Structure formats: C-alpha cells, structure tokens
Amino acid sequence: MNLLALIPVLILVQASYFDMQGTIKDVVTPTDILVDNKTIKLADVDISGLTNGQYIYLMNDIKPWLTGKDVFVKGSYVYFDLQGSYNSVSINEMIQKEIENIKENWPYCCYKIR
C-alpha cells in the first residue's frame with residue numbers, strides 16, 4: 001500500500017475532531033471572533049480589569065494578527081490551522097496571555113496608546 005495515499009485520510013481524521021474549519025474574518029472583541037459567517041464566543045478569555053487604553057491596545061494588537069488566518073474550531077476554542085495540523089495552544093490561551101502581559105507591563109509595554 002502506498003503511504004502517500006494515507007496522508008489525506010490522516011488529515012480528514014484530524015479535521016473531524018473539530019466542529020468546523022474556516023478563516024477568521026473579523027475580531028469583534030477579544031472574546032468574540034467571526035470565523036467565516038459564524039461568531040465564536042471564546043472561552044477562558046477574561047478582559048475584566050482592562051482600562052480603555054489597554055483594551056484599545058489589545059484590539060490594535062490582535063485584530064491584524066488574527067484576521068485572515070485559517071483556523072479549526074472545537075466548541076469555544078479556536079486553533080491555528082497549520083496546513084492540516086494545529087498548534088496545541090489555543091488562540092484563546094494566546095489572547096489571555098496577551099491580556100495578562102498588558103496588565104502586568106502597562107504602561108511600559110504600551111505607552112504609544114496612553
């Protein structure tokens with residue numbers, strides 16, 4: 001049996017684990033992203049405690065970073081589509097880490113928005 005024939009099957013098996021696959025069309029808020037025509041409410045992303053300036057900085061940072069990226073969606077968790085594979089760290093976790101970084105390092109990291 002040709003091993004190359006198994007590659008599409010392996011990709012299909014992995015993709016079936018997810019609820020959907022698509023492209024991020026917009027970042028509505030740090031907790032809501034538009035994948036194709038469906039809004040995904042991201043679990044475990046907490047923006048409470050951000051000041052207005054921190055919120056603006058966060059949106060200016062994540063919107064261009066995420067828009068146009070291909071992703072897999074499993075429930076309320078979103079993962080980058082790395083050409084049929086995915087990173088085990090979700091976009092949810094990446095955004096939450098960025099929020100924590102902004103809170104800890106404000107205003108030193110982000111003085112251009114103050």
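Predicted model: local features only at pLDDT ≥ 70, side-chain atom pairs only at ≥ 80, totals over all residues.
**Entry 1. Helix 2**

At 1.5 Å a residue its 15 residues should span 21 Å, and the end C-alpha atoms are 21 Å apart, which agrees. The expected span is taken as 1.5 Å times one less than the number of residues. Helices here are DSSP runs of H or I with at least four residues, strands are runs of E with at least two, and both are numbered from the N terminus.

I note the conventions behind the entries: residues are numbered from 1 along each chain as its sequence is written. Local features need pLDDT of at least 70 and side-chain atom pairs pLDDT 80 or more, while totals for chains, interfaces and linings use all residues, and side-chain values use heavy atoms, with hydrogens and water left out.

I then listed the buried residues of helix 2: G53, Q54, Y57, L58, M59, I62 and L66. Buried means under 20% relative accessible area, exposed means over 50%, and partly exposed lies in between, with a 1.4 Å probe and protein chains only. The cover over these buried residues includes strand 1 (20–29), strand 5 (77–80) and helix 3. Just after helix 2, I found G68 with a positive phi of about 90°.

**Entry 2. Helix 2 against helix 3**

I looked up how helix 2 (residues 52–66) packs on helix 3 (residues 91–105): the angle is about 145° and the axes are 11 Å apart. The axes are lines fitted to C-alpha atoms over the stretch in contact, and angles run from 0 to 180 degrees between N-to-C directions. The crossing is right-handed; that is, the near helix is turned clockwise from the far one by less than a right angle, anticlockwise being left-handed.

On the helix 2 side, the contact is made by Q54, Y57, L58, D61, I62, W65 and L66. Helix 3 contributes I91, M94, I95, E98, I99, I102 and K103. Contact means heavy atoms within 4.5 Å. By class, I recorded ten nonpolar, one polar and three charged residues. Ala, Val, Leu, Ile, Met, Phe, Trp, Tyr, Cys and Pro count as nonpolar, Asp, Glu, Lys and Arg as charged, and the others, Gly among them, as polar.

**Entry 3. M59**

M59 lies in helix 2 and counts as buried at 11% relative accessibility. I found its C-alpha atom 6.8 Å from that of P30, although M59 and P30 are 29 residues apart along the chain. Leaving aside neighbours within four places in sequence, M59 is in contact with V27, V28, T29, P30 and P64.

**Entry 4. T31**

I placed T31 in the loop between strand 1 and strand 2. T31 is buried, with a relative accessible area of 9%. Not counting residues up to four places away in sequence, T31 touches I40, K41, L42, V45 and I47.

**Entry 5. Aromatic pairs**

A search of the whole structure gave seven aromatic pairs. Rings of Phe, Tyr and Trp (its six-membered ring) pair if their centres lie within 6.5 Å; planes under 30 degrees apart count as stacked, over 60 as edge-to-face and the rest as tilted.

F18 and Y86 form an edge-to-face pair, 4.9 Å centre to centre with 85° between the planes. F18 lies in the loop between helix 1 (6–16) and strand 1, and Y86 in the loop between strand 5 and helix 3, so the pair ties together parts that are 68 residues apart in sequence. F18 is buried at 6% relative accessible area, whereas Y86 is partly exposed at 31%. Y86 also pairs edge-to-face with Y79, at 5.5 Å centre to centre and 70° between the planes. Y79 is buried, with a relative accessible area of 15%. I noted that ring pairs link Y17, F18, F72, Y79 and Y86 into a cluster.

Most residues other than glycine have a negative phi. I found D36 with a positive phi of about 55°, in the loop between strand 2 (32–35) and strand 3 (38–41). D36 is partly exposed at 33% relative accessibility. Phi of D44 is also positive, near 65°. D44 is in the loop between strand 3 and helix 2 and is exposed, with a relative accessible area of 57%.

**Entry 6. Whole chain**

I counted three helices and five strands in the protein chain, in the pattern α-β-β-β-α-β-β-α along the sequence. Of its 114 residues, 35% count as buried. Among contacts with a separation of 6 or more, 57% join residues 24 or more positions apart.
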